Amino acid sequence: MKQNGYESSNQTLDAVFAALADPTRRAILTRLVAGDATVKELAAPFEISQPAVSKHLKVLERAGLIERAVDKTRRPSHLNPEPLAEAVKWLEAFRQFWSSSFDQLDELLQSMKEGEEGK
């Protein structure tokens, strides 16, 4: 769905957030922080089939979050952190906004508290 004036200029960022929207894919990324893993190794903790895990891996690969190598008969997946760094950078602007908003709220609450103590 496109909204006038709100088109994303960064398709990679869109793909990263779409990939991260699924808890299974987030769990796969968390596992890959520990090191490379095959589909069989990644499927082990889930109650889903290896083909289902492979579909999740394709989504992660299209988003650039993982890379898949060919090692003889194995195809280990490897975490690629660069797209995550881009997402964190984008989110940083919102962290600064919320931090500023909380600082303003703290100031307001402090002035209200001081006003009540003065009565």
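The model is a predicted one, in which local features need pLDDT of at least 70, side-chain atom pairs count only at pLDDT 80 or more, and totals for chains, interfaces and linings use all residues. Residues are numbered from 1 along each chain as its sequence is written, and side-chain values use heavy atoms, with hydrogens and water left out. Helices (H or I, at least four residues) and strands (E, at least two) are DSSP runs, numbered from the N terminus.

**Helix H5**

- Helix H5 covers residues 82–117, and its 36 residues should span 52 Å at 1.5 Å a residue, which agrees with the 52 Å between its end C-alpha atoms; the expected span of a helix is taken as 1.5 Å times one less than its number of residues.
- H5 has a kink of about 30° centred on Leu91, where the bend at a residue is the angle between axes fitted to the seven residues ending there and the seven starting there.

**Nonpolar surface patch**

- Phe17, Trp90, Leu91, Phe94, Phe97, Trp98, Phe102, Leu105, Leu108, Leu109 and Met112 make a nonpolar surface patch of about 1,100 Å², and H5 gives the largest share of this patch, 10 residues.
- Patches are made of residues with over 30% relative accessible area and no salt bridge, like charges being joined within 9 Å and nonpolar side chains (Val, Leu, Ile, Met, Phe, Trp, Tyr) within 5 Å; accessible areas come from the Shrake-Rupley method with a 1.4 Å probe, and for residues only the protein chains shown count as cover.
- Phe17 has its place in helix H1 (residues 11–20) and counts as partly exposed, at 30% relative accessibility; in these terms, buried means under 20% relative accessible area, exposed over 50%, and partly exposed in between (1.4 Å probe, protein chains only).

- A search of the whole structure finds 1 salt bridge, defined as a side-chain nitrogen of Lys or Arg within 4 Å of a carboxyl oxygen of Asp or Glu.
- The side chains of Arg95 and Glu92 meet in a salt bridge at 2.6 Å, N to O, and because these two residues are 3 residues apart in helix H5, about one helical turn separates Arg95 from Glu92.
- Side chains of opposite charge can pair when their charged atoms come close.
- Arg95 is partly exposed, with a relative accessible area of 48%, and Glu92 also counts as partly exposed, at 28% relative accessibility.
- The C-alpha atoms of Arg95 and Thr38 are separated by 35 Å, the two residues being 57 residues apart along the chain.

- Thr38 sits in the loop between helix H2 (23–33) and helix H3 (39–43), and Thr38 counts as buried because its relative accessibility is 12%.
- Leaving aside neighbours within four places in sequence, Thr38 is in contact (heavy atoms within 4.5 Å) with Arg74, Arg75 and Pro76.
- Glu41 belongs to helix H3 and is partly exposed, with a relative accessible area of 39%.

- Ser77 has its place in strand S2 (residues 77–79) and counts as buried at 0% relative accessibility.
- Apart from neighbours within four places in sequence, Ser77 is in contact with Leu32, Asp36, Ala37, Leu42, Leu57, Ile66, Glu67 and Arg68.
- Pro51 lies in helix H4 (residues 50–62) and is exposed, with a relative accessible area of 55%.
- Pro51 and Ala34 are 22 Å apart in space, C-alpha to C-alpha, and 17 residues apart in sequence.
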